[in-house]
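Here is a short report for a first look at this structure. Keep the view open while reading.

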Amino acid sequence: MTAAEAPAARPAVAGGPGIGMPGQTGAVLTGGTYPGELRARGVSLSERLSALARLVQIGSARVGPVGFSAGLLADAEALLARAGERLRLSSHHTIAVLAGGTGSGKSSLFNQLAGAQFSSVGVLRPVTREPHACVWGMDGAGPLLDWLGIEPRRRYARSSALEEGERDLTGLLLVDLPDHDSVLARESAEVRRLVAQADLMVWVLDPQKYADAAVHSRYLVPMAWHASVIAAALNQADLLTPEQAEDCVSDLRRLLDAEGLHDARVLVTSATSAAGVADLRRALMETVIARQAALRRISADVDAMAARFVPYADDMEVRARSGLVPWPAAAKPGAPAGPGSAGAASERPGGPAGSAGGAATAGNSAAGEVGGGAADAAGETASAADGASAADGAGPGEAGPGEAGMRALPAAATETLTAAFSAAAGMSGVGRALQSARELKAVDYVGWPVAWLADWVARRDPVRKIRLGALWEELRDVSAGATGAQQAEISNAVTTFADEAGHGLPGPWQISVRQAARSRTTEIPGALGTAIAEALPKENSVAPWWRAVAAWQGLLLGAAAVGLAWLVTIIILGGFGAAPNAPLLLRDAGLLPWVALMVVAILLLGWLTAKGCMALVMRDADREREQAQQRMRAGITNVARLFVVAPVERELAEFARFHDELTVARARG
């Protein structure tokens with residue numbers, strides 16, 4: 001560190017008419033002093049940084065060729081890390097950099113402001129190769145200089161007694177950057193790095209190259225969001241007449257306005273004559289006193305970064321009005337432009353970028369508080385996998401992240417998916433097979449045994465048994481899960497559901513919704529089989545009343561057999577006189593008609609019992625089929641929700657959360 005007692009700067013020389021911008025003498029370069037905590041739409045800077053960290057967290061799980069850009073997420077993570085580091089460092093210092101091209105007089109202006117020849121000025125070829133820093137007030141500046149990467153031998157401290165007019169500069173860390181148009185790649189990279197770390201940027205331009213495309217296209221245009229922390233110093237004004245200086249200032253102002261830098265200050269200086277240097281020093285002084293440049297720079301960085309996430313939210317407000325996509329109930333869309341709208345990705349701030357971010361209270365305690373928030377926000381990016389895992393862990397019926405404020409998916413879509421799964425699983429066929437199996441099984445209990453004998457004689461009974469076995473074999477096969485064409489039907493149904501659920505979403509989210517819907521497709525056939533198996537009654541189960549009817553039919557069959565035996569006995573004993581001494585009931589031929597009538601009545605009663613009971617069996621089997629189908633539909637609905645609907649709802653909840661966080665990150669006053 002070089003401590004120098006610099007001589008007093010030369011007194012400012014009035015520049016005459018046209019030198020400097022009217023009404024801007026001594027203007028604070030960061031847009032004004034705001035007492036208390038700065039907030040944008042009620043959102044603080046730490047909250048915006050936390051929201052940006054959550055955007056990175058959400059996007060990290062959806063990176064891919066048609067997903068979130070890995071470069072965008074890397075840039076956002078770098079910003080969070082840079083913001084956290086800056087806000088953890090000295091809040092007493094404001095980093096102001098002088099940037100410019102070769103021969104612009106940047107180093108001479110640096111020496112004028114520092115009051116000493118700290119930065120060497122080229123004679124034959126004016127060029128700056130290494131950054132130099134001058135600090136007003138070294139307490140706490142060491143870690144900040146280390147972070148900036150300023151070599152110790154190029155650090156200069158105004159550590160001795162300062163003039164009364166410069167005491168208010170205490171806290172200024174002024175850096176003379178290498179030339180941005182250097183042919184050496186290392187120096188250009190150094191400029192980009194330090195510009196990204198600066199709280200305030202003063203671009204030193206000369207009358208010959210103030211419109212140079214290199215500085216405008218590489219630096220000024222991409223930093224349109226940072227207009228409130230950018231100033232343009234038109235140097236070498238001593239080479240111009242007042243009229244020429246005024247024309248140059250007007251043209252420079254026009255260029256900056258066309259590039260979206262409406263709030264960038266324009267000053268006119270001369271490092272040779274010191275004209276306008278006092279105005280620049282006064283502006284730096286008031287900016288240092290405000291101690292908000294660092295917060296405003298970070299806020300502008302968040303503005304620019306959040307704008308790059310806008311295409312992933314698409315035209316949210318239009319879809320909210322159309323009801324195509326589930327909406328968070330609490331938050332309203334911030335009307336971000338979609339990718340197809342003009343300026344979506346390259347949206348330029350229309351108002352002061354300085355009001356874009358929330359800040360902390362002016363002073364040390366506020367900067368420290370916001371610094372802690374930024375550090376927490378930067379740390380949140382590391383928990384992306386945990387957040388995704390927690391979301392995936394929500395079971396059916398459980399609210400995933402952001403799901404509490406969401407409208408559910410349209411009931412028709414879920415019902416259509418359930419109907420498709422039911423058709424693929426063959427639910428209607430299963431119901432009919434169950435009904436037929438129950439009816440065939442009931443014949444063994446409530447059927448008339450005489451009919452069994454007729455079936456046995458006609459060899460129809462084995463056919464019935466075979467058919468009954470085939471029905472239960474079919475039911476067992478269906479319970480094992482869908483196969484072949486049925487699996488294709490399931491896949492098509494899931495794809496259709498995903499396309500409907502993701503309709504109107506930005507491309508990356510449509511892909512992620514489809515991936516979520518298909519994430520467990522291979523498990524669905526087995527789950528459907530299990531749902532059907534659980535809904536079916538036990539194979540060959542018997543209703544209790546069937547056994548009672550079977551006992552009654554057995555009793556009737558026994559009575560008919562006794563009647564037939566009695567009838568035969570009367571014919572043999574009574575008709576042929578084989579046993580004249582037998583009881584009258586066994587040999588009285590007059591009883592034949594009555595005994596025959598009794599046998600016929602018993603047989604008819606058995607037949608009527610079988611017919612009536614089979615009618616009851618068919619009614620019960622139909623009711624049992626309906627109940628089983630209801631249980632199957634309920635089970636299939638649970639399968640559809642667990643394996644398809646719930647993952648899609650969680651993904652849509654993530655989309656809603658993404659929009660909410662983007663709204664917070666983009667909060668601008």
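The model is predicted. H3 itself spans residues 106-114, and eight of its nine residues are buried, so the helix is largely enclosed by the rest of the structure. The buried residues include Lys-106, Ser-107, Phe-110 and Asn-111.

What do the buried residues of H3 pack against? Their partners are strands S2, S3 (132-135), S5 (172-176) and S6 (200-205), together with helix H8 (277-290). Strand S2 covers residues 94-100 and holds Thr-94. Thr-94 counts as buried, because its relative accessibility is 4%, under the 20% cut-off. Leaving aside neighbours within four places in sequence, Thr-94 is in contact with Arg-86, Gly-171, Leu-172, Leu-173, Asp-199, Thr-287, Val-288 and Ala-293.

## Nonpolar cores

The largest nonpolar core has 65 residues. Phe-309, Phe-421, Ile-524, Val-644 and Phe-658 have the most contacts inside it. Helix H22 gives the most to this core, with 14 residues. A second, separate core has 43 residues, among them Val-97, Leu-148, Ala-198 and Ala-245.

Take Phe-309. Beyond its neighbours within four places in sequence, Phe-309 is in contact with residues including Leu-52, Phe-68, Phe-658 and Leu-662.

## Where H13 meets H22

Helix H13 covers residues 411-425, and helix H22 covers residues 592-665. Their axes come within 9 Å and cross at roughly 115°. The crossing is right-handed. H13 brings Thr-414, Leu-417, Thr-418, Phe-421 and Ser-422 to the contact. H22 brings Arg-633, Ile-636, Thr-637, Ala-640, Val-644 and Val-645. Of these contact residues, six are nonpolar, four polar and one charged.

## Salt bridges

How many salt bridges does a search of the whole structure find? It finds 24. One of them joins the side chains of Arg-48 and Asp-303, at 2.4 Å from N to O. Arg-48 lies in helix H1 (residues 45-60) and Asp-303 in helix H9 (residues 293-309), so the pair ties together parts 255 residues apart in sequence. Arg-48 is buried, at 0% relative accessibility. Asp-303 is buried too, at 2%.

H9 also holds Arg-297 and Asp-301, four residues apart, about one turn of the helix. Their side chains meet in a salt bridge of 3.0 Å, N to O. Both residues are buried. Glu-151 forms a salt bridge with Arg-154, with the closest N and O atoms 2.5 Å apart. Here Glu-151 is partly exposed, at 33%, whereas Arg-154 is buried, at 12%. Elsewhere, a network of salt bridges links Arg-62, Glu-651, Glu-654 and Arg-657.

Methods. Residues are numbered from 1 along each chain as its sequence is written. This is a predicted model: local features need pLDDT of at least 70, side-chain atom pairs count only at pLDDT 80 or more; totals for chains, interfaces and linings use all residues. Side-chain values use heavy atoms; hydrogens and water are left out. Axes are lines fitted to C-alpha atoms, for helices over the stretch in contact, and angles run from 0 to 180 degrees between N-to-C directions. Helices (H or I, at least four residues) and strands (E, at least two) are DSSP runs, numbered from the N terminus. A crossing is left-handed if the near helix is turned anticlockwise from the far one by less than a right angle, and right-handed if clockwise. Contact means heavy atoms within 4.5 Å. Ala, Val, Leu, Ile, Met, Phe, Trp, Tyr, Cys and Pro count as nonpolar, Asp, Glu, Lys and Arg as charged, and the others, Gly among them, as polar. Buried means under 20% relative accessible area, exposed over 50%, partly exposed in between (1.4 Å probe, protein chains only). A nonpolar core is a set of buried Ala, Val, Leu, Ile, Met, Phe, Trp, Tyr and Cys residues joined through side-chain atoms within 4.5 Å. A salt bridge is a side-chain nitrogen of Lys or Arg within 4 Å of a carboxyl oxygen of Asp or Glu.
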